[in-house]
Structure formats: C-alpha cells, structure tokens
Amino acid sequence: MRRFISFKQKLIITYIVFIVLPLSVVGFGAYNLYRQAMENKLSDFAQQVAVSTSSNINNYFQELEKFTLQPYYNRDFQDLLTLRKPLDPLEELEKRETIEKNFSLWQSQRDNVAGIYYFDLPGTKLSPQIYSTGNPITGLTLASMPWYKDFDTSDDNLLFLSLHKPYFADAQEASIQNQSPVYSLVRKIYKSTTMLEYAGYLEVDFKLDGIKKIMDLVHLGESGSFFIVDGNGDVVYANDVIDDELLANLPSLSKDSQGKQHVNIGSKKNIVVHSKVGSYGWTVVGDVPVVQLASGSSGIRNSIILLVLSCIVIAILLSTWSSIQITKPIYILIALIKRVENEDFQISYANPPRNEIGHLIRSIIRMSKRLDETIRNLYQAEIVRKESELQALKSQINPHFLFNTLETIKMKAEIDEADSTVEMLTSLGKLVKASIYRGNDFTTFREEREYLTSYLRIQEGRFDTRFGMSIAVDESILDCYLPRLMIQPLIENAFYHGLELKQGKGTLAVAIRETSESVLITVADDGLGISAERLQQLREQLDSSLAGITRSSGSVGLANVHARMRLYFGDSSAMTIGSEPGTGTEIRLILPLIRSESEVHVYVSRHSRG
C-alpha cells in the first residue's frame with residue numbers, strides 16, 4: 001500500500017532540499033561564491049547608481065519641460081506671441097521688445113538657461129519672425145533648423161535636442177564658436193483662442209551646469225567612473241577620462257532601458273552598467289573594474305564555512321517550525337469547507353492570518369454567508385412571485401366582468417332603440433376589450449386607428465360639439481406595427497389637462513405619417529397649454545422614467561409611454577413636448593417603422609432580455 005505523505009511533511013522535505021543542500025554547496029565553494037556574490041552586489045549597486053542618476057536627470061529634464069511652459073502662464077503674453085501680427089514696423093518693434101524682455105526675465109530666473117528663442121510658424125501672410133535673447137547666425141530661419149521638418153509633421157508637442165553648438169550667440173560672446181555646447185527643448189506653442197492649432201516653436205537652450213552637478217555626486221570606488229552618452233554614442237559629459245577601448249564596446253550594450261554586462265578591456269574584466277534617461281535619448285553608463293573586489297576576500301573564507309554549518313542546523317529547525325505554522329490554517333480551511341459541504345453556512349474563524357491562506361479563509365466565509373443569503377432571497381422571491389401571479393389572476397376578473405356587463409347594457413339599449421347610447425356602449429366595449437387583451441403587445445396602425453376612433457366617439461358623446469377632433473393616418477403604414485396603447489394616453493392627457501377646462505370650442509388633431517424608415521406621431525391641441533416651469537419638470541420626469549414611472553400629477557401617462565418606448569426601441573425612439581400657456585400643446589413620438597411580425601419579435605425579445 002502506498003504510504004501517504006502529508007503536506008506538512010512535504011513542506012519540511014522541500015525546505016531541507018532547497019535550503020540545506022544549497023548551503024552545503026556554499027560550504028565547499030565559499031570563497032569563489034563569496035567573490036561572485038560580491039561581484040554581483042557591486043554590479044547591482046552600480047546598476048542602482050546608474051538608475052538613480054538617470055532618474056535624477058530625467059526629473060531634472062521634466063523640471064526643464066515645465067520651464068518651457070512659461071508662455072502659457074500669462075494669457076496676454078500668449079496672445080501677443082501667437083495671435084497679434086502687427087503690420088506697422090513700430091508696433092512690431094514694440095512687440096519684439098516686450099517678448100525679448102520677458103525672455104530675458106525668464107533666463108535670469110535659471111542659471112542654466114543659455115538662451116530662449118521663439119520662431120513664428122511659416123505660411124502666414126507676414127514674414128515669420130524670430131525672437132531671441134541672443135544674436136542669430138546669418139541666414140538663420142525656421143526652415144533651416146535641423147529639427148524643423150520632422151518635428152513639424154509629428155504629433156509630439158515637445159522635442160529634445162542633444163548636445164549641439166548654439167544657433168544664437170550670447171550677448172557677451174562675439175562668436176558662436178567660442179560658446180560651449182548646449183542641449184535644448186523645443187515646444188510647439190498653441191494659439192490661446194483654440195489650443196488646437198499651434199502658431200510657432202519655443203526653443204530653450206540649456207547649459208551642462210545642472211547635469212554636471214548631478215554627475216559630480218556620483219562616486220563608485222577609486223577606479224569606477226560614470227559618464228553620459230547620447231543616441232549616437234557621443235560622450236555628453238564625463239567626470240574622468242574614458243578609455244577608448246571602452247567607448248568602442250558601447251554599441252554592444254543592450255537596447256533595454258537598463259542593464260549590465262561584463263566587458264573585457266585588454267587584460268582587465270570590467271562591469272559596465274547603463275540606464276537610459278527617460279525618452280530623451282541619453283544613457284548613463286558606469287564602468288567598474290572587477291579587480292577592486294579582490295582585496296579582503298581571503299580573510300572571510302573560514303568564517304563563511306562556519307556560518308554555513310550553523311545555518312544548516314538553524315534551517316532544519318526553522319523549516320520544521322514554519323511548516324507547522326503554514327499548514328495549521330490550511331487544515332482549519334479544510335474543516336470549514338467540509339462544514340459548507342454539509343450545508344452548514346454559519347461558519348466563522350477569528351483572526352485569520354494576514355496572508356494568502358487567510359485571504360482564502362475570509363473569502364470562503366464571505367462566500368458561505370452570501371450563499372446563505374442568496375438561498376433565502378430566492379426562496380422569498382419565489383413566494384412573492386407566486387403571490388403576484390395569484391393577484392394578477394384575480395385582477396383579470398374585474399375587466400372581464402365590466403366588458404360582459406357593457407355587452408348586456410348595449411343589447412338592452414338596442415331593444416329600447418337608444419341609438420346614441422348603443423354607439424357609445426359599442427365604442428366603450430371596444431376600448432375595454434382592447435385593454436384586457438392578453439396577446440401580443442403590438443398592434444397595427446389600422447387597429448390602433450379603430451381604437452382611437454372609438455375613444456373619440458365616446459368623448460364626442462360626452463361633450464357633444466364642444467370639441468373638434470380628427471385622426472389622420474398615412475395609408476402606406478396602416479399594416480405596420482406599434483405597441484398597444486401608445487397614443488391613447490396622450491389623447492387622454494390632452495382632454496384632461498388641456499381641453500376640458502378651456503372656455504369655448506377646442507380642437508384635437510392626431511397625425512400619423514411615415515418619415516424615412518420611422519413613424520412620426522403628433523398629438524396637438526389648442527387647450528390651456530403648460531407653463532414653462534411645469535414643462536421643464538415634465539421633461540425631467542421623462543428622463544428618469546426608466547428608473548420607475550413618476551406618479552406626480554399629470555405625468556403617469558406620458559412617463560408610461562416614454563418608458564415603454566425606451567424599453568422596446570432604445571435610442572431609435574424619441575418623445576418631445578412643446579407647449580405655450582394659452583396656445584396649446586404638441587407631443588411628438590418618433591418610432592421605428594416595423595413592417596412585419598418578424599421585426600415585432602425582435603423588439604419583443606429585446607424587451608424580455610432587458
């Protein structure tokens with residue numbers, strides 16, 4: 001019979017295999033491993049220094065990027081820079097003095113700024129201007145700038161230029177050749193009116209003073225050195241003299257943002273680390289000779305052997321203790337799961353550990369509680385559903401009883417030859433019959449017209465000739481479909497709120513016509529109208545009708561119609577209400593044109609899924 005090994009025993013064995021055996025190997029090769037470890041530690045440290053330095057430079061560049069946003073800090077100055085194009089030479093001179101005075105002020109705020117320049121975007125009616133704190137070289141134009149062509153067609157807003165000779169001479173220098181190289185940031189400056197179309201380019205040249213301060217803080221032993229190279233492999237800045245053979249090996253560095261590798265320079269083995277400076281194209285490179293690790297390593301060898309033996313004993317003890325601590329909550333978790341399997345959902349565990357096992361225990365407890373709540377809720381929901389079905393069945397008795405009673409009254413009126421009464425009862429019977437219909441929720445416009453005609457006949461019987469009423473339906477859409485009882489609530493609202501309280505004769509017109517794969521339904525009256533405040537309230541109530549029909553005065557019918565439209569048709573339907581007090585009200589519905597029953601099934605199934 002195969003012997004069962006528990007998880008705790010497997011964990012102890014795993015600890016012994018993966019801790020004790022490596023420590024034993026370390027005991028036999030302590031010296032070499034120590035040197036290797038120190039070499040890795042030094043390379044990691046050098047890598048961290050390179051990464052930290054590149055991060056400092058990147059943060060420094062981001063600070064300089066913020067400096068190039070100076071034109072946006074003053075709206076008047078941005079307007080002057082990007083919008084104002086004076087034709088008068090005196091106005092142009094005044095503009096130049098204002099701009100260059102601001103440039104000089106900005107330059108005085110930072111010691112590392114070598115110059116600030118602005119290039120008008122070419123292509124305007126006026127000649128493009130160049131505003132600067134220095135003197136441009138002869139024939140310098142925006143089109144002659146080496147960066148212009150590619151930057152103009154790119155989607156970038158900011159361009160970084162590596163070390164180069166300045167294009168403008170400093171006011172204190174007679175020649176550009178006497179100036180130190182600079183690096184630059186070029187930013188597209190957008191018009192203040194739209195912020196979508198740029199009007200020119202702002203170039204700021206920076207000295208290497210800030211980079212020098214950052215690099216001078218980097219030290220890595222007596223023989224280690226750090227320097228910066230650009231994307232072309234040219235040295236931007238170096239603290240010490242760099243070996244030419246090291247520079248020749250730089251192209252072999254990996255293209256990753258950071259990394260380290262061993263490079264043989266003559267008979268010496270060096271560790272070369274690098275870290276790219278953001279997206280600016282510069283790379284911080286560090287060179288550390290491995291030879292400086294040799295000193296002091298031999299005196300530690302014997303101590304390492306003793307430490308390894310001690311660690312083996314301690315590792316065995318710790319592995320046994322940690323295995324017990326790790327497996328204890330697992331066994332508790334198994335016990336909790338067994339209780340859930342036995343349909344005991346009231347499980348708990350005080351103070352579970354703050355680790356993955358504890359998170360799993362808390363999840364199991366929450367899951368069991370939610371499962372218990374779900375079962376209870378489903379049970380209660382089933383009871384409510386059964387009660388609702390019973391109430392719905394009971395509620396069907398009253399409309400049917402009313403319909404049958406109306407039929408009896410109509411037959412008696414026919415016997416008594418009360419023609420007007422028969423006509424009203426016939427119309428009312430049709431309305432009641434349509435209201436208790438339990439079939440498809442859609443009907444044709446032909447049937448809807450008959451239904452509305454019956455409704456209007458009843459109103460004519462009530463009010464005699466007080467109101468003029470009409471229904472106009474395009475013949476082309478009579479066999480198309482719409483949801484039942486979509487128009488009658490609108491007519492009822494028109495009578496109740498608009499016409500019934502009006503002095504004198506009123507009119508109500510219903511128009512249904514086809515418009516480009518949709519149907520436009522208009523219900524208009526010349527009644528009392530709706531006040532502006534009430535109209536705004538109605539529109540807000542319609543916007544919230546999908547969350548539940550608002551039962552405030554006069555809005556149930558409208559909200560019901562609007563909610564059904566949105567449930568069936570979504571954004572392909574719309575309701576608009578227009579009204580003026582004393583003039584009347586017009587309600588418009590836009591519904592999709594449904595020509596066949598198959599299209600009806602599509603909308604009904606969509607409503608059922610919703």
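The sections below take these topics in turn.

## Basis of the model

The model is predicted; local features need pLDDT of at least 70 and side-chain atom pairs count only at pLDDT 80 or more, while totals for chains, interfaces and linings use all residues. Residues are numbered from 1 along each chain as its sequence is written, and side-chain values use heavy atoms, with hydrogens and water left out.

## Salt bridges

With a salt bridge taken as a side-chain nitrogen of Lys or Arg within 4 Å of a carboxyl oxygen of Asp or Glu, the count is 12. One of them joins arginine 110 to glutamate 63, with the closest N and O atoms 3.3 Å apart. Arginine 110 is in the loop between helix 4 and strand 1 (113-120) and glutamate 63 is in helix 2 (residues 30-67), so this pair ties together parts 47 residues apart in sequence. Helices (H or I, at least four residues) and strands (E, at least two) are DSSP runs, numbered from the N terminus. Arginine 110 is buried at 18% relative accessible area, whereas glutamate 63 is partly exposed at 41%. Here buried means under 20% relative accessible area, exposed over 50%, and partly exposed in between (1.4 Å probe, protein chains only).

Within helix 3, aspartate 79 and arginine 75 lie 4 residues apart, about one turn of the helix, and their side chains form a salt bridge (3.5 Å, N to O). In helix 4, glutamate 100 and arginine 96 are also 4 residues apart and meet in a salt bridge at 3.3 Å, N to O.

## Surface patches

Patches consist of residues with over 30% relative accessible area and no salt bridge; like charges are joined within 9 Å, and nonpolar side chains (Val, Leu, Ile, Met, Phe, Trp, Tyr) within 5 Å. Accessible areas come from the Shrake-Rupley method with a 1.4 Å probe; for residues, only the protein chains shown count as cover.

Ile13, Val17, Phe18, Ile19 and Leu21 make a nonpolar patch of about 470 Å²; leucine 21 belongs to helix 1 (residues 7-28).

## Helix 12 and positive phi angles

Helix 12 (residues 445-463) has 19 residues. Its buried residues include Phe445, Tyr451, Leu452 and Phe463. Aspartate 464 follows helix 12 and has a positive phi, near 60 degrees.

Serine 516, not a glycine, has a positive phi of about 50 degrees. Serine 516 sits in the loop between strand 16 (506-514) and strand 17 (518-525) and is exposed at 71% relative accessible area. Glutamate 517 is in the loop between strand 16 and strand 17, with a positive phi of about 60 degrees.

Conventions
Expected span 1.5 Å × (residues − 1).
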